[in-house]
Structure formats: C-alpha cells, structure tokens
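Student: I would like to learn how to read a protein model, one feature at a time. Could we look at one together?

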Amino acid sequence: ERRGILVDKEFLASLSDEFVAELEQLEAAIYKLADCEFNINSPKQLSEVLFEKLELPTKGVKKTKSGYSTNHAVLSKFSGEYEIADLLLGYRELHKLKTTYIDSLSRLARGDSGRVHSTFNQAVAATGRLSSSDPNLQNIPIRTSQGRRIRRAFIAPEGTKLVSADYSQIELRVLAHLSGDEALRQAFVEGQDIHEATAKDIFGEEVMQGEQRSEYRRYAKTINFGIVYGIIAFRLARELGISRGEAQSYIDGYFARYPDVGTYFDFLEKEIEERGYVETMFGRRRFKTDIDAGGRDQGYVTRSLLNAPIQGSAAEIIKCAMIRLEARLSDEFGSDARILLQVHDELVVEAKSSLADDVASVVSDEMQAAFSLAVPLIVDVRIGQSWGEMK
C-alpha cells in the first residue's frame, strides 16, 4: 500500500481513446441490429429492445421491476445465436474496463510520483485471500486481449524491472496434498502436464493422439478446476457446450481416475453436516452460517464450503511466501528490490535492472519453499518493463 506501483499515464490516455473508438463502433452495430437508438447502459431500455422489439425468447429469463433481466448470464445464454447478444457482451466488457480501470487509474495516480496506491484488505474476501480496492487490482481480466493491454499500463521506473512470479496450478496441488490421491500426486511429482494427464485418463490415449487433442485438453482443464469449485453437470455442460449427460459422465470419469478426491469431498461433506464448518491446512475455519445463500440453489452452501480448505490454504501459502520473501529481499537487496503487488497466486516485485535475474531467482526459491506439500510447488517467473509485457 505504501509503495504503490507506477502507471503510464500517456499509455492510459491513448488506450482510452482506442476504447472510446471501439465502443462507438459497437454502439453503432448494436443500434443497427436493434433498428433504433437507446441507452445501452439502461437495463429497462435494453430489456424493452431485446424482449419486446426484437422478441427474443423469455423462457427461463427472470423478470425484474425494470423488465426481463439482461444480466451477463442472460446475454451469455443468447450468445452465438443472436448477434446482438455477442455485441452487447463485448460492449459491456469494454465499457467496464474503461470506467473501472482506465479512467480510475489515471485519476488515482498521485501527481508527485505517478504511482497508484491500492488498499489491500485482510478480512474482506471470505476465501482468506487479500482483496484490493481503490483501485481493485485483483479483477483486471487477463483472459481477454483488452484486459491484458491494461496490465501494460503498470510499469517499472527507469533503471528498474518488474519481476512477476505466480504459483502454477496451486489449488490443484493443494487438492492433491489434502486428498492424498496417489494418481494425482504422482502426476505432479513426475512433472506431467496435469490437464493432458487428466484428458488421457478420462477420454483415452487414442483420442489424445488425434486432431482434437487440444480440445479435449481444454475439456480436462475445465473439469480439473471445476472439481476444485464443486462444479455440477449442468454448469460443466454449459461451459463446454455439451449435453448434461455427457458432462456428468466426464465428472464420473474424473472421480473414477482420482477416487481419493471423491473420498476427500465426501469427508468434507460429513464435516459440514456434523460440525458446521471446514478448516484450511493452517486451521482457519469457514462456517456454514456465514454463507449467504439467498437466491442460490440448494447445493450452493456445500459447494462453497467444499472449496474453502483448498482455496483458503492456497491463500495462506502465498501469505507465508510474502513474509519470507519480504525478509530475504530486505536482507539481500535492501531497497533495490521490493514487493509491490499480490494478485491471487501472483506476486509482483520491483527490482533494480542489474539485479532482476538474481531477484527472480530469490522470489522463485522463497515461494517454492513457503510450505511443504506432498507435491512440488512450482513457480513461473517472468521479467519485464511492464506488467503486461514480460518474458
């Protein structure tokens, strides 16, 4: 919080101009399909255009005071079938990025230093992770090209570099540790591509040697991370664009390959029922009564608690890493290397250019040694002039 991170105001200004131009193009395309102009950011007006004027099907769409819902889930449902839904999703993402990040970063950067000083909160996120506010640096999307471009606005001052290090698949590694599943542990110990290994186990070796190999690896990746978050067949089917029966067979295939993962989750369900809480590896508890299940399906509370020991333990491991790393950087490099950001499983360190490689090595060592799991902790480290451009 005190150190802050430097932002490139000139880059932000040019990015803002680009986003404005893109938003205007999307706006024009939406108006053309709607055959009228309206306030795209008004849920009421948008609902009228979509469900009254264009007569999109309302089956399964929740009705609110301002009309039928036009939230992200509704638009995603129509995505691929109605062009206007895809355009609206693109518009919303771009508009959010511009208002939430580009505009606020420029406004929040201090005049004397050009740095943004986010607030990091210890007791806001129920998962136990640090959260970030004013600005929120945790939610910059990195799966989209626009989101990645915003990361380029965070830069290292002259004579320094940014060193970014993030844990590779830490939640799956924690799951392997907590469940004790031998097959899952072995995959990590041997350094296998866990998504490739899961795909081979679920779909078969033959399938993974064909043209659809990358597609089935993507399926396996979705399943692997979905299992951590208690994914159900309905949601997996929607995410992969397959039938619910097929999705359930994939989930069943996963638990057949990694039976101790299923046993571990059964154990947690029993704990939830009997004790009303679950614990992380470090003993922090999350209670059933703390979860707001208003408007959620019946299994929401249980799914949230099933994930808590995994995500909570991962959060605590990186906090241990931060404590270790801060002490070692201070001892070895003094003020020439310092932690600036923590974003989920990633740490960003500012280091003197001539020391960047040495700092990267120390960061990797300390993060990997932060806690001893039954499988190796692996850290991916990159160095660059900006957060968005690293090698």
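Student: Is L15 buried or exposed?

Tutor: Before answering, note that this is a predicted model, in which local features need pLDDT of at least 70 and side-chain atom pairs count only at pLDDT 80 or more, while totals for chains, interfaces and linings use all residues. Residues are numbered from 1 along each chain as its sequence is written, and side-chain values use heavy atoms, with hydrogens and water left out. A residue is called buried under 20% relative accessible area, exposed over 50%, and partly exposed in between, using a 1.4 Å probe and protein chains only. With a relative accessibility of 1%, L15 counts as buried.

Student: Where does L15 lie, and which residues does L15 touch?

Tutor: L15 lies in helix α1, where helices (H or I, at least four residues) and strands (E, at least two) are DSSP runs, numbered from the N terminus. Contact means heavy atoms within 4.5 Å, and, not counting residues up to four places away in sequence, L15 touches I102, R149 and I150. The C-alpha atoms of L15 and I102 are separated by 7.7 Å, although the two residues are 87 residues apart along the chain.

Student: What is the separation of the C-alpha atoms of N39 and V174?

Tutor: Those two residues are 135 residues apart along the chain, and their C-alpha atoms are separated by 46 Å. N39 lies in the loop between α1 and α2, and with a relative accessible area of 38% it is partly exposed.

Student: How do I read the packing of two helices, and at what angle do α12 and α13 pack?

Tutor: In general, two packed helices are described by the angle between their axes and the distance between the axes. The axes are lines fitted to C-alpha atoms, for helices over the stretch in contact, and the angles run from 0 to 180 degrees between N-to-C directions. Here helix α12 (residues 259–275) and helix α13 (residues 300–333) pack at an angle of about 115°, and their axes are 10 Å apart. That makes α12 roughly perpendicular to α13, on a scale where angles under 35 degrees count as roughly parallel, over 145 as roughly antiparallel, 65 to 115 as roughly perpendicular and the rest as oblique.

Student: Which residues make the contact between α12 and α13?

Tutor: From α12 come Y264, F265, L268, E269 and I272, and from α13 come T302, L305, L306, P309 and I310. By class, this contact has eight nonpolar, one polar and one charged residues; Ala, Val, Leu, Ile, Met, Phe, Trp, Tyr, Cys and Pro count as nonpolar, Asp, Glu, Lys and Arg as charged, and the others, Gly among them, as polar.

Student: Where do I find a second pair, and at what angle do α10 and α11 cross?

Tutor: The axes of helix α10 (residues 233–240) and α11 come within 8 Å and cross at roughly 110°, which makes α10 roughly perpendicular to α11. The residues in contact are A233, F234, L236, A237 and L240 of α10, together with R244, A247, Q248, Y250 and I251 of α11, and they divide into eight nonpolar, one polar and one charged.

Student: How many of the residues of helix α8 are buried?

Tutor: Eight of the ten residues of α8 (residues 194–203) are buried, so this helix is largely enclosed by the rest of the structure. Among the buried residues of α8 are I194, H195, I202 and F203, and its buried residues pack against α6 (170–179), α7 (182–189), α9 (213–228) and α11 (244–257).

Student: Is the peptide bond from D134 to P135 cis or trans?

Tutor: That peptide bond is cis, with omega near 0°, and P135 has its place in the loop between β6 (131–133) and α5 (145–151).
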